Amino acid sequence: MAVPAPGMPEHVTIYEVGPRDGLQNEQELVPTPVKAEFVRRLLAAGLPVVEATSFVHPRWVPQLADAADLVGSLVDDLGDHARALPVLVPNERGLDRALELGMRHVAVFGSATETFARKNLNRGLDEQHAMFAPVVDRALAAGADVRAYVSMCFGDPWEGPVPLAQVVDAGRRLLDLGASQLSLGDTIGVGTAGHVVALVEAFGDAGIGPERLALHFHDTYGQALSNVQAGLRAGITTFDASAGGLGGCPYAESATGNLATEDLVWLLDGLGVGHGVDLASLVATSTWMAGQLGRPSPSAVVRALGSGTAQSPT
Ligand code: HMG
Ligand code: MG
């Protein structure tokens, strides 16, 4: 039964990152056909956006070295629709690879902290923006849409708590380059609800409203759903999540799984907030994927419903 709570939007967009953020940290290589099946099943479950892969350096993220083959396989199956799936590109080389395949949605990913920028991109903060500027320019000129991520928006394993102004500065620079949406990442999952509200307000004070922001939570300390509720009340209507709670970042110590899409869907269903995703088929997909990876999903909702019994919040 849905019991609406005050201050909630009618509908939100779930931005599914399982095939990219969820799989990028897997040590055992997942076969390309399994990844393709994962993407297809997520789309079939009603997810409106499924980030498919990354065109990063294959030595940095070996799991996603098959990005071009995966896209090719998806185009074979889904036709041109596959080219609308977003992909990560860190630099012009990554953009070239994505544009050669006709991709129309790309995402750059910056850091709010100097240390993580160096560890993840081999660049300092100023250098990361210099690297992204031609990527965004050329992507827009090619007619592609650009999303921008900011990582370490709440805390950083090397630098500790990250000041709000530092996050706003990094985010504003990415939007100024021409990104259409900014996804604020709690890469190591240390954020709590008040901090979420304060960050959204700090962006608002800088003239960047919640309609331009998405929130990207990792559930390391069990705060992701509480943080989603804070975000919903603050006017955010796009939330990133990973089917089955897969994920982690290979270059961030202590980054564990993302917010599980099923857990997010359960919360939204209970609140009566629309999202368009079929929970039963999503759970079936994550149960299947857990079988492929050889370990159970960390998602509470997948564990509760994995038997296949249909349930809804009561
Ligand atoms: P670099 O070593 O500084 O690269 O890495 P470079 O620019 O010096 O180039 C060296 C060689 O690599 C050159 O080849 C390039 O062509 C090649 P050579 O001339 O020596 O033969 N090269 C590439 N090849 C294929 N694809 C490319 C590419 N780029 C260069 N794209 C680089 C710099 C940015 C490439 C590297 O640091 C990298 O790939 N980093 C990606 C790390 C990553 O993917 N991390 C995980 C995603 S971020 C995340 O998960 C957080 C997020 O989820 C939000 C959150 O949770 O906060 C988004
Ligand atoms: Mg992430």
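This is a predicted model: local features need pLDDT of at least 70, side-chain atom pairs count only at pLDDT 80 or more; totals for chains, interfaces and linings use all residues.

Residues are numbered from 1 along each chain as its sequence is written, chains are lettered from A and ligands numbered from 1 in the order in which they are written, and side-chain values use heavy atoms, leaving out hydrogens and water.

**Exercise 1.** Find the protein donors of the magnesium ion (ligand 2).

*Solution.* 
- Step 1: Look for donors, meaning N, O and S atoms within 2.8 Å of the metal (3.2 Å for Na, K and Ca); water is not among the atoms, so sites may look incomplete.
- Step 2: Along the chain, their spacing reads D-x194-H-x1-H. Asp 21 belongs to helix H1 (residues 18-22) and His 216 to strand S10 (residues 213-217), so this pair ties together parts that are 195 residues apart in sequence. Helices (H or I, at least four residues) and strands (E, at least two) are DSSP runs, numbered from the N terminus.
- Step 3: Asp 21 and His 216 are both buried, that is, under 20% relative accessible area with a 1.4 Å probe, protein chains only.

**Exercise 2.** Describe the surroundings of Ser 299.

*Solution.* 
- Step 1: Ser 299 sits in the loop between helix H11 (279-293) and helix H12 (300-305).
- Step 2: Its relative accessibility is 1%, so Ser 299 counts as buried.
- Step 3: A polar atom of the Ser 299 side chain lies 3.2 Å from the backbone nitrogen of Val 301.
- Step 4: Beyond neighbours within four places in sequence, Ser 299 is in contact (heavy atoms within 4.5 Å) with Gly 244, Ala 260, Glu 262 and Asp 263.

**Exercise 3.** Where does Met 152 lie, and what is its phi near?

*Solution.* 
- Step 1: Met 152 is in the loop between strand S6 (145-151) and strand S7 (155-156).
- Step 2: Most residues other than glycine have a negative phi.
- Step 3: The phi of Met 152, however, is positive, near 60°.
- Step 4: With 0% relative accessibility, Met 152 counts as buried.

**Exercise 4.** Work out how strand S5 (residues 105-111) is placed.

*Solution.* 
- Step 1: Six of the seven residues of S5 are buried.
- Step 2: Strand S4 (residues 87-88) runs parallel to S5, joined by two bridges; strands pair if DSSP finds at least two bridges between them. Leu 88 faces Ala 107 here.
- Step 3: S5 also pairs with S6, parallel, over seven bridges, with Ser 111 opposite Ser 151.

Terms used:
Buried means under 20% relative accessible area, exposed over 50%, partly exposed in between (1.4 Å probe, protein chains only). A polar contact is a pair of N or O atoms within 3.5 Å; within protein, one must be able to donate a hydrogen and the other to accept it, and residues adjacent in sequence count only if both atoms are side-chain atoms.
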